[in-house]
Amino acid sequence: MNKFDYSCDVAVFGAGPAGLAAAITAARKGMKVLLIEKNGYLGGTLSSGIALLGFLDVTGRQCIAGFAQEFVSRLQDEGHSLGHRYCPKHNSVSCVSSEYVKILAAKMCKEAGVDVLLHSETHSVETKDNYITSVKVYGKCNETTVAAKYYIDCTGDGDVAYLAGCDYEKGQADTGVLQPPTVIFTLENVHMEELFKYLDSHPEELTYNKIMDVGPGYDVEYFRSSKNYCFVGLTATCNKLRETGELPVKRENLIFIGSPNTNEVYVNSTRLLNTDATDIWSLTNAELEGQIQAGKLTEMLRKHVAGFENCFISSICPNLGVRETRRFAGQKRLEIDQAFQSLVPEDTIALSGYKIDIHSGDSLKTEFKTIDKPFGIPFGCLVSKNYDNLLFAGRCISTDARVIGSTRVMPTCMAMGQAAGTAVSQCIKENTLPKDAETERIRKTLAEDGAILSME
């Protein structure tokens with residue numbers, strides 16, 4: 001085995017939405033940054049084809065900007081994003097071309113001077129007192145020992161924090177059940193106008209259960225007027241096919257996401273119940289079952305849904321789209337009541353305006369509740385309770401089991417990543433710890449860099 005040592009100011013683990021933002025932000029602040037990623041590409045779920053949800057609040061006001069906005073704007077300038085669009089169901093959608101996300105992510109890391117290590121996963125963490133002293137990562141028979149001043153865990157599952165022995169919670173509070181992951185796949189040769197013509201005379205296909213808040217205007221004309229949409233529907237078709245045994249997934253409806261590319265949609269309709277993505281056997285089973293479901297769903301769509309008669313799968317996302325696993329203890333904890341009360345604390349480092357979106361992990365139901373106004377994510381939710389030089393960004397931050405239904409979406413994760421990268425850069429320059437940092441100075445820098453911290 002080859003063994004290497006690497007020293008840096010900031011080590012960021014996971015190159016998804018949060019990790020990209022954290023690494024590039026810190027590098028732009030003059031830090032030596034290493035970004036470690038298990039895949040052979042950058043972007044994580046951002047490169048899956050799923051629309052970015054939550055740039056706008058329920059009234060259509062923008063509540064996420066900064067690095068996240070820069071990323072989408074650059075994609076849009078190159079013709080690979082449709083920008084932001086108000087949505088009566090999701091508040092907003094921002095559709096992107098999945099493969100060009102990878103290209104832009106690589107460009108931006110190169111531009112910022114981020115060192116990148118792909119095909120590498122964490123396998124051990126060394127600690128002393130209240131500090132992480134080094135992290136060993138492994139890939140392709142190479143072991144690299146990374147020694148950094150600060151570590152930012154953006155792996156989603158909190159792999160570094162878990163191996164360091166940090167306190168965490170997992171699953172919904174009342175049941176312990178985790179939200180189900182999904183396998184995203186891309187369909188080509190789809191003619192959505194044919195589906196829209198069918199929906200014109202079948203409004204029952206766009207009905208929803210009582211625990212799903214959907215505003216007026218989420219109708220055929222909304223979908224017809226732009227490719228920038230996240231379509232949730234075909235309820236009657238799902239009910240009929242469930243009765244005949246022809247629906248291959250346990251869902252109430254199907255989800256298609258628009259693409260900048262012609263006759264292409266991304267499908268977010270596989271459903272992998274009773275999955276724990278931190279268990280390698282459960283993860284493996286979900287990946288395989290999700291790929292099988294993708295094939296069965298495609299055949300079902302070809303047979304039963306207008307516009308999909310001649311569609312075919314062009315790609316299957318190489319990674320499971322995981323909604324929920326571990327949530328780690330921070331200096332503060334974000335609670336669901338704070339979200340519904342739209343509280344914005346003085347130490348807010350990012351806003352979340354997306355709805356509470358909780359997919360049942362053991363049934364076909366989905367809870368979808370409106371947040372009246374964006375709420376604030378306190379800086380302390382990103383700062384480890386257990387180690388003085390460890391931060392989190394993304395869905396593994398310190399929250400309760402329900403509020404993660406809002407904070408887990410990608411624009412919010414990017415905003416948290418920008419905050420984490422900004423904070424550690426300030427701490428290094430001022431020789432302070434995150435738990436003692438002047439949050440107002442972090443907020444000032446974030447605001448100067450375009451982040452939105454208040455809707456006032």
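Predicted model: local features only at pLDDT ≥ 70, side-chain atom pairs only at ≥ 80, totals over all residues.

1. Is Ser398 buried or exposed? With a relative accessible area of 4%, Ser398 is buried. Leaving aside residues up to four places away in sequence, Ser398 touches Phe328, Ala329, Gly330, Lys332, Arg333, Leu334 and Cys381.

2. Strand 9 (residues 142-153) is mostly covered, with 9 of its 12 residues buried, and several pairings can be described from it. Strand 1 (residues 2-13) runs parallel to strand 9 and is joined to it by 11 bridges, with Lys3 standing opposite Glu143 of strand 9. Strand 21 (residues 390-392) likewise runs parallel to strand 9, through 3 bridges, and there Ile152 has Leu391 in strand 21 as its bridge partner.

3. The pairing of strand 9 with strand 8 (residues 131-139) is antiparallel and extends over 5 bridges. Which residue of strand 9 is the bridge partner of Tyr138? That partner is Glu143, the residue that also stands opposite Lys3. Strands 8 and 9 form a hairpin with 2 residues between them, and in the turn Lys140 has a positive phi of about 55°.

4. An open sheet of 3 strands, in the order 3-5-4, shows antiparallel pairing. Strand 3 (52-53) and strand 4 (85-87) stand at its edges and have a single partner strand each, so that one side of each is left without a neighbour in the sheet. Between strand 3 and strand 5 (residues 91-94) the antiparallel pairing comprises 2 bridges, and Leu53 stands opposite Val93 of strand 5.

5. How many disulfides does the structure hold? The number is 0, and two of the cysteines may be examined individually. For Cys166, the closest cysteine sulfur is that of Cys396, 9.9 Å from its own, which is too far for a bond. Cys230 is in no disulfide either, the nearest cysteine sulfur being that of Cys87 at 7.1 Å; for comparison, the cut-off applied to a pair of cysteine sulfur atoms is 2.5 Å. Cys166 counts as buried at 4% relative accessibility, and Cys230 counts as buried at 6%.

6. Helix 11 (residues 410-430) has 21 residues and reaches 30 Å from its first C-alpha to its last, close to the 30 Å expected at 1.5 Å a residue. Helix 11 is also mostly covered, given that 19 of its 21 residues are buried. Asn431 follows helix 11 and has a positive phi, near 55°.

Methods
Residues numbered from 1 in each chain as written. Heavy atoms only, no water. Pairing = 2+ DSSP bridges. Helix = DSSP H or I, 4+ residues; strand = E, 2+ residues; numbered from the N terminus. Buried < 20%, exposed > 50% of the residue type's maximum accessible area, 1.4 Å probe, protein only. Expected span 1.5 Å × (residues − 1). Contact = heavy atoms within 4.5 Å.
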